[in-house]
Amino acid sequence: MDKKEYKSLTVPQLSWNKKTLSDTLGELVAQPLEPGFGITLGNALRRILLASVEGSAVTSVIIKGVNNEFSSLKGVVEDAMQVMLNIKGIVIRNKEGRPGKMSLKITGQAVATVADIKADSHIELMNPDHVIAHVAQGGVLDIEFFVESGRGYKPAQWPTDKALQEDNRIYLDAMFSPIRKVMFDVEKTRVGKEIDYDKLTLKITTDGSENPLDVMHYATSVLRTQLEHFLTSAEIPFNQISTSPEVDREAPVALESLGLKGIPVDLLLKPIDELELSVRAHNCLINAGVKRVIDLVNLSEDEGLKIKNFGRKSLTEVKEAMKAFGLSFGMNIKENDVRKLLKEKEE
């Protein structure tokens, strides 16, 4: 029996808005999408981002001298309930996803903030200025925190056999998700003479413990993994039979037209590690989502200077590193053109 021939699907191109990209905010544009796919994919990704991304939070505490959440704290302005509400506002980045402990001890008049907390090595606290409590003169605030990882919301896990715990531990409900808000918008976009394709814009806001690029990768992995179980036979290879509309051109792409004469084309799709940049410049670019050489050469110098902690000195260093390979800022090279050139070379 002859193998059935399937119609191809439109392959979308994805791009992050580098002008607004930060550790807490990201705007992703995917276009063109098959008609109707904007709502389908946007809603699915939004639901997963809001409910299924892993994070870490404080799930229980031991406050010295207190055995329940309704107590007053001697020498502390806030009562136990208000202190625990403040504790819920601690933003935690868990580098390994393992449980951990933190501690805080303040003696004498002071404002206790997250910066005063000592945490295990795999735990990083993202909002050091967040206030935990105000300690009066002669007062003492001594807290041990227990951190766990999870997804979504988890109610306080009080043991059912006794009201008061032997170690005076108080359990807290926890919101593990690092996602603060997700919005998506769908517009129509043109492909050739067709005007009913979709353009999807996703705006992701996090608490800073995870960046928008990583949570998007995580959510996509969750969705794809779940959908795989709905397959009843071998997956139809749409990625192999589909192309982006911008790639579907009759004329071959010339090196000269892309400004790539004398430049190894495959270098563009490699990580920026190939340029052997300093650790500072490298990390600034990676945190801004500039992970490949092509992402870097498509930036303008002004866009580069707007990257967080990426100053004029780093810009000069990167320009010199690119110059050694015949590259520069603002080359505006399309990835599809590069891939087509590589394919032509293989053929």
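Select helix H2, residues 80-87, where Ala80, Val83, Met84, Asn86 and Ile87 are buried; buried means under 20% relative accessible area, exposed over 50%, and partly exposed in between, with a 1.4 Å probe and protein chains only. These residues cover an arc of only 155° around the axis, which puts them on the same side of H2. The arc is that of the directions from the helix axis to the C-beta atoms. An α-helix has 3.6 residues a turn, so residues three or four places apart point the same way. Helices (H or I, at least four residues) and strands (E, at least two) are DSSP runs, numbered from the N terminus.

The model is predicted: local features need pLDDT of at least 70, side-chain atom pairs count only at pLDDT 80 or more, and totals for chains, interfaces and linings use all residues. Residues are numbered from 1 along each chain as its sequence is written, and side-chain values use heavy atoms, with hydrogens and water left out.

Next, display what covers the buried residues of H2: the cover includes strand S3 (54-63), strand S9 (131-135), strand S10 (140-151) and strand S12 (169-171). Begin with S3, in which nine of the ten residues are buried. S3 runs antiparallel to S10, and nine bridges join the two strands; strands count as paired if DSSP finds at least two bridges between them. Within this pairing, Val58 stands opposite Val147 in S10. S3 also pairs with S12, again in the antiparallel sense, over three bridges. Here, select Val61 and Ile170, as Val61 stands opposite Ile170 in S12.

Move to Thr113 in strand S6 (residues 110-113). Thr113 is buried, at a relative accessible area of 15%.

Select His122 in the loop between strand S7 (118-119) and strand S8 (123-125). His122 counts as buried because its relative accessibility is 3%. Beyond its neighbours within four places in sequence, His122 is in contact with Arg93, Asn94, Lys95, Glu96, Arg98, Pro99 and Gly100.

A cis peptide bond, with omega of about -10°, joins Gln31 and Pro32; Pro32 is found in strand S2 (residues 25-33). Glu276, in the loop between helix H4 (238-241) and helix H5 (279-287), has a positive phi of about 55° although it is not a glycine. Is Glu276 buried or exposed? Glu276 counts as exposed, at 72% relative accessibility. Asn309, also not a glycine, has a positive phi of about 65° and lies in the loop between helix H7 (301-305) and helix H8 (312-323).

Finish at the surface with Leu9, Phe37 and Leu41, which form a nonpolar patch with about 210 Å² of accessible area together. Patches are made of residues with over 30% relative accessible area and no salt bridge, with like charges joined within 9 Å and nonpolar side chains (Val, Leu, Ile, Met, Phe, Trp, Tyr) within 5 Å. A salt bridge is a side-chain nitrogen of Lys or Arg within 4 Å of a carboxyl oxygen of Asp or Glu. Accessible areas come from the Shrake-Rupley method with a 1.4 Å probe; for residues, only the protein chains shown count as cover. Leu9 lies in the segment before strand S1 (13-16) and is partly exposed, with a relative accessible area of 32%.

Terms used:
Contact = heavy atoms within 4.5 Å.
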